[in-house]
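Dear colleague,

I am passing on the structure we spoke about, with the sequence alongside it.

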Amino acid sequence: MIKAAVVASLVGGASAFAPSFGISDSRVALQAKQDFLEASPYWDQTAVPVNTAKPKAPHTGKVVSNKRIVGPKATGETCHIIIDHNGELPYWEGQSFGVVPPGNRAKDGKPHSVRLYSIAASRYGDDMSGKTTSLCVRRATYWCPELQADDPAKKGICSNFLCDAQPGEEIALTGPSGKVMLLPEDKPEADIIMVAIGTGIAPYRSFIRRLFEEDTEAAAAYKGVAWLFLGVANSDALLYDDEWQTAKAKAPDIIMVATGTGIAPYRSFIRRLFEEDTEAAAAYKGVAWLFLGVANSDALLYDDEWQTAKAKAPDNFRLDYALSREQENKKGGKMYIQDKVEEYADEIFTRLDSGAHIYFCGLKGMMPGIQDMLKEVCTSKGIEYDQWLKGLKKAKQWHVEVY
């Protein structure tokens, strides 16, 4: 099954701080299939758990770990808190848990009210046991201009309790609640556009883990594009950036550039990814983009196969021809392979920045024109070409076989 890639657009730039908060601990568990908390069929939402634990009878969970997940220059403190619910509080991605902070209100002596927090883990939890959940919490403080310091009398009761919680400490949980943010798993072809600022990222972490990290029917069936927009103050405030980069790296795009019989290796790629019933085909989530340059339409090679692949996977296979004797480039000259690639320069550079691999195969005479074009594009973008190319080669994203 062909699946599309996660695309993350992060306001604030690339992360300079990639915190680790226990994900590596779940890698061993990830080797097993996640299938023991699924509905039948997996997308049936009729039995989504709601309000299993109520405010007057909350479930007592225990903190497993609590780690700061932002850098020193972030505006404020955000923590990732893993809580053990012993499998007694099942939930679905997109739901929320309530937390009842300990103690009573100063104004009337009554117990504190429930605070809701979006769940930042899939139903299987970070350790894949199905017995834990995770919350993403920003410590709420109030800066007093008169004191020129945080006013302790006005700090967030629950957020400070959670950010200060230690392993083994008890947490009173209610819920789960909400159905408005559930994934549309009955429509695996649907694109998912996720927009968040700060800790609003929490439910999207659960989505991306379910669709791209876990071995579930939902992940196997998903064909859409998951596109994440996250707004934060600066790169130190990025949340879970290491996970987004891992998800993107799992689905590298493949850009294939050929003239004439240089098409040969790409036919093998496309058959393996789009024709055959293989683990490679089932796992592939990226976009395979073929550029082929020939003299005219009569010289096209394997066109029937490319059209079949496009029909089967329109979101994952793209095809562009450069027909030098039938098409004109933007300057009115013949359309050579470098001219066709240049038409999509911005998108190709973006994909390469996101980890795409680019291949060139065919007569060696095509490479000077391609390299001259790439140099011009780099110059227009203020990029130093030799360093850019060196980076692609170092990351093993640049592949050339010409003769």
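Of the 403 residues in the protein, 48% are buried, and please keep in mind throughout that this is a predicted model. The protein has 11 helices and 16 strands, and its C-alpha atoms fill a box of roughly 85 × 55 × 35 Å along the principal axes. Among contacts with a separation of 6 or more, 76% are between residues 24 or more positions apart. The accessible surface comes to about 19400 Å², and carbon and sulfur atoms account for 53% of that surface.

One part to look at is an open sheet of 6 strands, which pair in an antiparallel manner in the order β5-β4-β9-β2-β3-β6. Because β5 (115-118) and β6 (132-138) stand at the edges and have a single partner strand each, one side of each of them is left without a neighbour in the sheet. From one strand to the next, the twist averages 40 degrees. Within this sheet, strand β4 (residues 96-100) runs antiparallel to β9 and is joined to it by 4 bridges, and Val-100 stands opposite Ala-172 in β9.

Helix α1 (residues 157-164) packs on the sheet, where it touches β2, β3 (78-84), β4, β5, β6 and β9, and its direction makes about 120 degrees with that of β6. How enclosed is α1 by the rest of the structure? The helix is largely enclosed, because 6 of its 8 residues are buried, namely Cys-158, Ser-159, Asn-160, Phe-161, Leu-162 and Cys-163. The cover over these buried residues includes β2, β3, β4, β5, β6 and β9.

The nonpolar cores

The largest nonpolar core has 30 residues, and the members that touch the most others are Cys-136, Met-194, Ile-201 and Tyr-240. Two or more residues of this core come from each of β10 (192-197), α2 (202-213), α3 (217-221), β11 and α4, with α2 giving the largest share, 6 residues. If its neighbours within four places in sequence are left aside, Cys-136 is in contact with Ile-69, Thr-78, Cys-79, Ala-120, Thr-199, Ile-201, Ala-202, Leu-239 and Tyr-240; Ile-201 and Tyr-240, in that list, are also among the core members with the most contacts to other members. Apart from this core lies another, of 27 residues, which includes Ala-345, Ile-348, Leu-374 and Val-377.

Backbone details

Asn-51, for its part, lies in the loop between β1 and β2 and is partly exposed, with a relative accessible area of 38%.

There are also cis peptide bonds to check in the model. One runs from Ser-40 to Pro-41, with omega near -5 degrees, and Pro-41 is placed in the loop between β1 (6-11) and β2 (59-68). Another joins Gly-175 and Pro-176, with omega at about 5 degrees, and here Pro-176 is found in a strand, β9 (residues 170-177), which is one of the strands of the open sheet described above.

With best wishes

Technical notes
Residues are numbered from 1 along each chain as its sequence is written. This is a predicted model: local features need pLDDT of at least 70, side-chain atom pairs count only at pLDDT 80 or more; totals for chains, interfaces and linings use all residues. Side-chain values use heavy atoms; hydrogens and water are left out. Buried means under 20% relative accessible area, exposed over 50%, partly exposed in between (1.4 Å probe, protein chains only). Two strands pair if DSSP finds at least two bridges between them. Axes are lines fitted to C-alpha atoms, for helices over the stretch in contact, and angles run from 0 to 180 degrees between N-to-C directions. Contact means heavy atoms within 4.5 Å. A nonpolar core is a set of buried Ala, Val, Leu, Ile, Met, Phe, Trp, Tyr and Cys residues joined through side-chain atoms within 4.5 Å. Accessible areas come from the Shrake-Rupley method with a 1.4 Å probe; for residues, only the protein chains shown count as cover.
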